[in-house]
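This report describes how one protein chain is put together.

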Amino acid sequence: MARGILDIDLDAIVANWRALGRLSGSARAGAVVKANAYGLGVAPVARALAKAGARLFFVVSAEEGAELRSCLGPEIEIMLLSGHMSGDTDLISGADLIPLLSSPGQVARHRGALPGRRYGIQLDTGMNRLGIGPGDWQGLAPVIAAEHPALVMSHLACADDAENPGNAAQLSCFRKMTGEISAERSLAATGGILLGPDYHFDVTRPGIGIYGCRPFAEGRPVVRLTLPVIQIRHVPPGQAVGYGGTWVAGVPSRIALVAAGYADGLLRALTGRGSVMINGQRCPMVGRVSMDSLAVDITNLGEDPEMICMIGDEQPVDAVADMAGTIGYEILTSFGARYEKTYREAGE
Ligand SMILES: *Cc1c(COP(=O)(O)O)cnc(C)c1O
């Protein structure tokens with residue numbers, strides 16, 4: 001069966017990373033490539049970024065870190081956002097990974113298993129996700145300061161909303177918690193970079209902006225998703241389309257069955273709300289999204305298309321996210337394994 005084609009523009013990825021680096025001012029921009037580079041393929045994405053000068057990468061798990069190490073070779077710094085979990089020691093040591101320790105228990109584990117090996121620290125400054133909170137930090141800070149951690153970082157909960165007072169509160173908490181430490185500091189992901197220089201510190205951690213999504217509105221689009229049409233049906237008035245018969249033709253209709261569904265990351269939440277682009281014309285999705293297919297009403301289209309565009313310049317990832325009631329992050333990381341991924345890079 002013909003497969004959907006996920007076209008990934010590596011030049012746009014590099015341009016977005018460079019732009020976020022410029023916006024980071026004197027801070028050094030790392031690159032967040034967790035979750036298989038937000039679903040786009042960690043090996044080609046990370047290689048393109050390293051070639052463009054990225055020297056610090058963030059992933060979540062030790063397994064992701066080890067895979068990234070084998071793509072990038074030595075020299076590059078790889079930091080683990082899940083810290084040092086039980087069972088990770090061999091990978092951390094073997095692949096030379098830097099865990100960002102997020103609890104007193106992780107600090108104890110790392111010290112016990114790999115004494116003298118580099119690590120960073122994650123602080124919780126109000127998000128109540130990962131990180132050592134102010135209470136535990138008081139006792140730990142002097143000991144850790146003496147060991148010169150590779151990075152001391154925290155994460156903002158509301159950085160995509162510049163007006164949110166939580167940003168300034170977290171900034172002030174981060175300053176207080178790190179005032180006595182001489183390590184490099186990092187607070188900003190994509191949203192934090194856009195909040196301005198107060199948030200930049202020494203290292204920034206852009207992720208989603210590299211991949212062309214909000215909140216980095218100036219970013220270049222990175223992804224095109226083109227899907228093949230399997231079949232075109234003529235549906236008479238009164239006949240229903242798809243599971244549950246939720247959409248009923250009001251007029252004689254032409255329906256294109258498209259070869260991708262929720263198993264490919266086209267969320268079922270698009271049912272009744274989604275649309276696709278066909279040669280510049282918007283056509284509505286009709287009926288429920290199935291696991292492997294979805295239906296598009298092409299009654300008003302003057303042709304029988306062979307391919308439709310789900311994501312592209314006229315309908316970017318964020319537009320599809322809006323239709324599905326979610327965020328670009330979820331659309332990107334939900335893409336299934338069945339697409340043929342093609343990578344565009346200048347000179348190739
Ligand atoms: C995912 C993540 C990032 C990247 O965030 P974006 O919003 O994608 O830029 C940075 N830091 C941490 C701790 C993260 O979990």
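Domain bounds here come from an automatic or database domain assignment. By that assignment, the protein chain is divided into domain 1 (25-205) and domain 2 (223-344). This is a predicted model, in which local features need pLDDT of at least 70 and side-chain atom pairs count only at pLDDT 80 or more, while totals for chains, interfaces and linings use all residues. Residues are numbered from 1 along each chain as its sequence is written, and side-chain values use heavy atoms, with hydrogens and water left out.

**Between the domains**

The C-alpha centres of domain 1 and domain 2 are 38 Å apart. With contact meaning heavy atoms within 4.5 Å, 7 residues of domain 1 touch 7 residues of domain 2. Buried area is the accessible area (1.4 Å probe) that two parts lose on being put together, summed over both. For domain 1 and domain 2 it comes to about 580 Å², with 74% of it on carbon and sulfur atoms. On the side of domain 1, Tyr38, Gly39 and Leu40 lose the most area to domain 2, together 74% of what that side buries.

A salt bridge is a side-chain nitrogen of Lys or Arg within 4 Å of a carboxyl oxygen of Asp or Glu. Between domain 1 and domain 2 there are 0 salt bridges. Helices (H or I, at least four residues) and strands (E, at least two) are DSSP runs, numbered from the N terminus. Helix 2 (residues 34-38) gives the largest share of the side of domain 1 that touches domain 2, namely 3 residues.

Rings of Phe, Tyr and Trp (its six-membered ring) form an aromatic pair if their centres lie within 6.5 Å; planes under 30 degrees apart count as stacked, over 60 as edge-to-face and the rest as tilted. The structure holds 4 aromatic pairs, and the salt bridge count is 11. One pair of each kind is listed here.

| Pair | Kind | Values |
|---|---|---|
| Tyr38 and Tyr211 | aromatic, stacked | 4.6 Å centre to centre, 25 degrees between the planes |
| Asp9 and Arg220 | salt bridge | 3.8 Å between the closest N and O atoms |

Tyr38 lies in helix 2 and Tyr211 in the loop between strand 10 (203-204) and strand 11 (223-235), so this pair ties together parts that are 173 residues apart in sequence. Asp9 is in strand 1 (residues 5-9) and Arg220 in the loop between strand 10 and strand 11, so this pair ties together parts that are 211 residues apart in sequence.

**Backbone details**

Most residues other than glycine have a negative phi, and most peptide bonds are trans. The peptide bond from Arg214 to Pro215 is cis, with omega near 10 degrees. Pro215 lies in the loop between strand 10 and strand 11. His148, a residue other than glycine, has a positive phi, near 50 degrees. His148 lies in the loop between helix 7 (134-146) and strand 8 (152-154).
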